[in-house]
Amino acid sequence: MASFPSTSPLPSPSSSSSSYSSTMSLSYSHLHPTAWSCGNNNRQSNPHHPLRISVSLSPPPPPSFSYREFLNFALTETERRTLLLPSPLQEKYSSLTAVDGTTDLQMLAFQSPPKIRLLRSLSIQNESMQVLDFAGFAKPEYDVPIFCANFFSTANINIIVLDLNPLHNMSDRKDYKEKYYEKLMDLGLRYAELLPWGGKLTSESLKFFSPIVIWTKFQSVDCMYENLYSAFTEYYKAWLQLIEEAAEETDDALVLSNREAQHRYLTWRAEKDPGHGVLKRLVGEMRAKDVIRNFLFHGIEELGSKGFLDYFPEYRCQDGTVNQNRSMIGKSFESRPWDASGEFIANNTED
């Protein structure tokens, strides 16, 4: 990955981006949402094996492929089911041009009263790569899982995380697992076959993953993009269905618990998310920090006052700072660490 120098603070916000109608002007042709099975003759390497990433020397992904199609599906499907309004964040965050002068960063932010607090996306595209970071957060009155899609693609490799991240720790809250994930296991198992486990992942990386997480790496083959698009559409429709069915919590203590759980999640992601390096290289430290804390993981300042070390004291260095190393705690998992019923298993680890 090429490094980029630091740059000036964020430019003045553009008012032209605050309209929902303007965001839907992206042209696209829908991919058929049917999962395809790729034969071995289409694969150039085993998707279970870790692969090196080369961005600066790679040509772009196939011209017919664009994560804008995924985003347009999500916005269209959401608007079909509920009222979709621009978030106040859209007035400040709409687009950025990286310091290389060619990489385009597009940001969209919406809300949907009364249940969806924030639906936001960051799309990055240049001649070497495409990135989509798309997430949906319910309001604290609802304990619905967090929709998470983090996709990174070059012509040679695609690194994918797709999940409905649990709001609460399912080791402590078996009722939460039963409430949301038991009925989704068939969906997860189907796509775990089509989009195989992407190789070694540490237990700390699993901290906020569910039993239906899709963590995969694959080479740029058309049918694998079809599989990914199909998984994205089905996972997103499942999340919207959970939102529709969710009943508002009226117990103040449970609302507070949901609020703190979401704040804990945002605090972790803002500090440890592995995609931050790409953003910092593209737009510099100052802009990257602002986008991370105040856009991608908006709610850190609004939902709670605890800091990272309050939630995760095991990362405290002797001088009181946060240990910046990633993947420093726990064993690694070479294969999917949940069984078919969604129970966590620990017999496929490596020290």
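Reader: How do the residues lining the second largest cavity divide by class?

Author: This is a predicted model, where local features need pLDDT of at least 70 and side-chain atom pairs count only at pLDDT 80 or more, while totals for chains, interfaces and linings use all residues. Residues are numbered from 1 along each chain as its sequence is written, and side-chain values use heavy atoms, with hydrogens and water left out. Ala, Val, Leu, Ile, Met, Phe, Trp, Tyr, Cys and Pro count as nonpolar, Asp, Glu, Lys and Arg as charged, and the others, Gly among them, as polar. On that scheme the lining of the second largest cavity comes out as seven nonpolar, one polar and three charged.

Reader: What volume does the second largest cavity have?

Author: On a 1 Å grid over the protein atoms alone, a cavity is a set of points where a 1.4 Å probe fits but cannot get out; a pocket is an open set with protein on both sides within 12 Å along at least five of seven lines, and lining residues have an atom within 4 Å of a point. Points are joined across faces, edges and corners, and a volume is the space filled by probe spheres set on them. Residues lining the second largest cavity include Arg120, Phe134, Cys148 and Tyr265. Its volume is about 30 Å³.

Reader: Which elements each supply at least two residues of that cavity's lining?

Author: Helices (H or I, at least four residues) and strands (E, at least two) are DSSP runs, numbered from the N terminus. Asp133 and Asn150 are among the lining residues. The elements you want are strand E5 (130-138), strand E6 (146-153) and H6.

Reader: Which helix gives the most to the lining of the second largest pocket?

Author: That pocket has a volume of about 680 Å³ and is lined by 26 residues, with Asn169, Met170, Ser171, Leu206 and Lys207 nearest its centre. Two elements give two or more residues to the lining: helix H3 (174-180) and helix H6 (252-272). With four residues, the top contributor is H6.

Reader: Is H4 roughly parallel or roughly antiparallel to H5?

Author: Axes are lines fitted to C-alpha atoms, for helices over the stretch in contact, and angles run from 0 to 180 degrees between N-to-C directions. Under 35 degrees counts as roughly parallel, over 145 as roughly antiparallel, 65 to 115 as roughly perpendicular and the rest as oblique. Helix H4 (residues 185-194) and helix H5 (residues 222-245) pack at about 165°, with axes 10 Å apart. So H4 is, relative to H5, roughly antiparallel.

Reader: And how does H2 lie relative to H5, roughly parallel or roughly antiparallel?

Author: Helix H2 (residues 68-81) packs on H5 at an angle of about 25°, and their axes are 10 Å apart. Therefore H2 and H5 are roughly parallel.

Reader: What is the handedness of the H7 and H8 crossing?

Author: The axes of helix H7 (residues 276-283) and helix H8 (residues 285-296) come within 7 Å and cross at roughly 130°. That angle is why H7 counts as oblique to H8. A crossing is left-handed if the near helix is turned anticlockwise from the far one by less than a right angle, and right-handed if clockwise. H7 passes H8 in a crossing that is right-handed.

Reader: Which peptide bond is cis?

Author: Most peptide bonds are trans. Proline 114 sits in the loop between strand E3 (104-112) and strand E4 (116-125). With omega near 5°, the cis bond runs from proline 113 to proline 114.
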